[in-house]
Amino acid sequence: MTDTTPRHTPLEDAQGLLVSIIGGAFGIVLLRTAGLVTGGTAGLALLISYGTGWGFGWVFFTVNLPFYLFAYLRKGPVFAAKSFLTVSAVSWLAEALPAWVTISHLHPAAAAVLFGVIAGVGLLGLFRHGSSLGGVSIVAVILQDATGIRAGWIQLGWDACLFTAALFVLNPMQVVWSLAGAVVLNLVIALNHRRDWYLPA
Amino acid sequence: MTEPSRHTAFEDAQGLIFGTLMCALGLQFLQHAGFITGQTAGLALVISYASGWGFGAVFFVVNLPFYWLGLRRIGLAFTVKSLIAVSLLSAMAALMPRYLDFSTLHPLLAGVLFGFTTGAGLLAIFRHGGSLGGIGIVALMVQDRTGFRAGWLQMGFDAVLFALALLWIPADRVLWSVPGVVILNAVLAINHRRDRYVAT
């Protein structure tokens, strides 16, 4: 069987990544305005940022550094380079955006739902254009190969630890709204990230 | 070659809800900056700014004549989905200011954020077999028949609308509205392709 998978041109990939980066960064602005967290390395970076007062951008950039080695080993140089570019751009833009837009009024429910939708669409764009926002999933897959513990459980365990830690930093309602946002985000991806629907690699 | 998969009703519902939410968020950026856009949404915004009536109600009414065209030329499912999407957006646009407001918003960023959020939102609505009414119906009809991209055709309508808007809206607001509309239509022109996103 010959490979008939359509491919994105570099320009198409660039616009896909750009739209997704802006979506991801604006999603982070919504979370920070309402004081919410999320899962993955972005959630860890938000939590560290709230706890220490350090800017989210640098923390997110730093937290993801070890991940590129695993991404390179497991998925190759293109995926690792795109992920590095994406994480760096979101780190920078999440810090730069507040100079251009300030939100005066934001209900935590709106923050959760709008974050879930806009970051979900952003992540969908990243995945479809062969990138990621760094993270835990690849490490989890490698750990599964090494130890036999299922990657899904490792990821769930990570997020469970993260949200438990969040209870010590945020008030309980903020943790509840954060969970709602994470559910919306993961619904968008679970329902829509399908290789049989969107063909190009 | 297997048959392209079909969306279930639930999958279409989430696509239309997420799509209209993105579009409603895009409109918040636009209205805060006092900008317009193209299509029937742009027409509704111009009427809303000029008359003081709320955008949601005007948008709903402006689209009413187009359902007849959609029903005759494209079909029942498309028309019903378009009616649902337009109604959802009208309601969300009216409600969202209660939950979200900006104190500062740079005009260029307003355009960029509007273009990307609404572009992604419309893409989702199109891929799930709906539209935001009006010009989209005509443009999609033309793309399906001639292959001429809907994105480019919509840009022609927008050029006329922007020229007319200068009669009621300050020239700098109209000019600052251009980047957002260009980005929105570029997102659609590049990404709305039946050969790539094959589910219907």
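A salt bridge here is a side-chain nitrogen of Lys or Arg within 4 Å of a carboxyl oxygen of Asp or Glu. By that rule, the structure holds 5 salt bridges over all chains.

The model is predicted; local features need pLDDT of at least 70, side-chain atom pairs count only at pLDDT 80 or more, and totals for chains, interfaces and linings use all residues. Residues are numbered from 1 along each chain as its sequence is written, chains are lettered from A in the order in which they are written, and side-chain values use heavy atoms, with hydrogens and water left out.

**View 1. Confidence in the model.** The predictor gives the complex an ipTM of 0.83 and a pTM of 0.87.

**View 2. A salt bridge within chain A.** Lys82(A) and Asp13(A) join through their side chains, 3.4 Å from N to O. The pair links distant parts of the chain, 69 residues apart. Lys82(A) sits in helix H5 (residues 77-96), and Asp13(A) in helix H1 (residues 10-34). Helices (H or I, at least four residues) and strands (E, at least two) are DSSP runs, numbered from the N terminus.

**View 3. The interface of chain B and chain A.** Contact (heavy atoms within 4.5 Å) involves 38 residues of chain B and 34 residues of chain A. The buried area is about 3200 Å², with 69% from carbon and sulfur atoms. This is the accessible area (1.4 Å probe) that two parts lose on being put together, summed over both. Across the interface the rule finds 0 salt bridges. There are 8 residue pairs in polar contact, both residues at pLDDT 80 or more. A polar contact is a pair of N or O atoms within 3.5 Å; within protein, one must be able to donate a hydrogen and the other to accept it, and residues adjacent in sequence count only if both atoms are side-chain atoms.

View 4. Strand S1 (residues 101-106) of chain A and S1(B) run antiparallel, joined by 5 bridges. Strands pair if DSSP finds at least two bridges between them. His105(A) has Asp101(B) as its bridge partner in S1(B).
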